[in-house]
Amino acid sequence: MVVTITSYNPADPADLVVAVEEPGAEAVRAAVARARAVQPGWLAAGAGARSAALGRIAEAVEAHADELAGLIVREVGKPLAEARGEVARTAAIWRYYAQAPFAPSGAVHETAAGPGLLLTRRRPYGVAGLIAPWNFPLAIPTWKAAPALAVGNTAVLKPAPEATACALRLAELAAGAGLPEDVFTVLPGGAEEGAALVDTADVVSFTGSTGVGRAVVRAATERGVPVQAELGGLNAALVLPDADLAQAAAHLAAAIAGYAGQKCTATSRVIAVGAAYEPLRDALVKALELVDDTACGPVINAAARDRLTAAVDSAVAAGATLLTGGRAPERDGWYLEPALLTDVPAEHPLAREEFFGPVALLHAAADLDEAIALANDTPHSLSTSVHTRSLDVALAAADRLDAGMIRVNAPSSGVDFHLPFGGAKGASHGEREQGQAALDFYTVSRTVSVLPGGGA
Ligand code: NAD
């Protein structure tokens with residue numbers, strides 16, 4: 001039976017963006033074998049050739065910026081301004097890692113005694129198996145592929161089915177920019193292809209939901225190959241009474257409802273400390289009610305919207321108060337009004353799991369200690385924001401919050417591509433992505449001892 005992968009426009013579900021035949025596990029194994037065959041040549045081509053190729057991909061992305069932004073909007077429903085930002089960031093990431101081939105790949109050490117040379121040298125693993133989610137359909141494939149390729153691995157990427165067209169276009173642009181055949185392969189697919197990639201690659205990088213990520217980590221670890229997994233977040237925002245509450249409310253509305261809350265770093269729990277509670281609640285309700293399609297957009301599909309509305313309804317049935325939103329408007333597309341709830345019971349799934357939509361809970365905390373305890377009361381600790389004018393509070397929060405990213409007076413949802421990125425506790429496994437950390441992840445260090453041959 002031929003299985004087809006389809007991806008539809010979330011704003012206009014009658015619009016089929018792409019349909020491709022599912023390649024199956026055997027095709028994944030064949031792609032990895034081809035990638036393995038060309039990897040020594042890609043490494044031997046040298047730093048100059050790899051740097052130039054990555055630089056040309058950056059140029060190709062820039063040259064097609066409008067088309068790519070339009071495709072992101074159409075395929076995953078991202079608002080245009082954010083889609084343009086993602087394309088610019090994609091080009092910047094290729095360009096940033098285009099410099100990496102020239103960076104030092106090790107260090108020289110003195111021998112403990114006698115003549116000789118001791119050195120470390122980082123080498124690529126071979127074929128990087130990359131598994132991506134749909135929500136950043138160009139940036140995430142890029143922040144995995146670019147560092148992997150820069151240091152001499154070849155790469156096979158399996159995108160999320162919902163982002164198939166974006167990933168295939170990226171592969172076309174890379175090929176058009178002169179990347180040699182089989183150095184970077186995009187193979188569409190679902191769970192079967194993803195599992196086959198984890199079973200065959202020499203190093204695995206996964207981004208996606210917590211349940212799938214844990215299975216990927218187990219499978220890769222069982223095979224003894226290095227694996228990193230960046231997973232879901234249940235991100236908190238702490239608002240202190242001394243904060244600029246208007247600015248905090250604007251940042252929170254962006255972090256809750258921007259791209260319909262479909263960022264792993266979106267805020268889903270707002271913790272207002274002491275006297276901040278009432279004014280923040282009122283300002284945030286207003287700010288969320290002002291959010292429009294240019295900032296929010298639809299959620300990815302019907303199942304996601306139904307899951308969100310059902311969760312809001314069940315929280316209200318369990319005693320929560322809906323302060324705003326939470327309804328699906330009568331219109332085409334998978335839209336949901338951004339929602340803010342309070343008094344959600346602590347054991348309700350909305351308070352414990354990532355729902356990946358424009359929905360947040362508002363909590364009151366008596367003081368900073370209680371706020372930090374509430375923020376830390378989750379295994380899904382990716383990004384936490386803190387809104388305050390007090391340096392002491394900012395420093396205490398930076399020290400005591402469990403999250404992998406701590407952002408003071410900024411939305412939880414921003415990311416700098418040149419710094420390490422990842423979560424704490426159950427939100428992350430293995431080395432960080434992005435920045436120098438990614439170059440370390442895709443290489444392993446060798447220790448080389450060079451001693452005199454004698455007789456000279
Ligand atoms: P998902 O877990 O459903 O899918 C992620 C990828 O895994 C897809 O390519 C999918 O096809 C593949 N997959 C599914 N089953 C598999 C299996 N058994 N073996 C191997 N691969 C398999 O996630 P999604 O819905 O595409 O993306 C949304 C999720 O991604 C959210 O949970 C979000 O928080 C998370 N995310 C995390 C980060 C981060 O850096 N922490 C960034 C973006 C998104």
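**View 1. Residues around the centre of the second largest pocket.** In this predicted model, 19 residues line the second largest pocket, and those nearest its centre are Ala103, Pro104, Ser105, Arg122 and Val151. Two or more lining residues are given by each of the elements α2 (47-63), β4 (117-124) and α15 (435-441). The largest share comes from β4, which contributes 4 residues to the lining of the second largest pocket.

View 2. The volume of the second largest pocket is about 350 Å³. Its lining consists of 10 nonpolar, 4 polar and 5 charged residues.

**View 3. Residues around the centre of the largest pocket.** The largest pocket has a volume of about 740 Å³. Its lining comprises 36 residues, and Pro133, Phe206, Gly208, Ser209 and Val212 are those that lie nearest the centre.

**View 4. Secondary-structure elements lining the largest pocket.** At least two residues of the lining of the largest pocket are supplied by each of α7 (191-200), β8 (203-207), α8 (210-223) and α11 (302-317). Helix α7 provides the largest share of this lining, namely 5 residues.

View 5. By residue class, the lining of the largest pocket divides into 21 nonpolar, 9 polar and 6 charged residues.

Note on methods: Residues numbered from 1 in each chain as written. Predicted model: local features only at pLDDT ≥ 70, side-chain atom pairs only at ≥ 80, totals over all residues. Heavy atoms only, no water. 1 Å grid on protein atoms, 1.4 Å probe; cavity = no way out; pocket = protein on both sides within 12 Å on 5 of 7 lines; lining within 4 Å. Points joined across faces, edges and corners; volume = space filled by probe spheres on them. Nonpolar A, V, L, I, M, F, W, Y, C, P; charged D, E, K, R; others polar.
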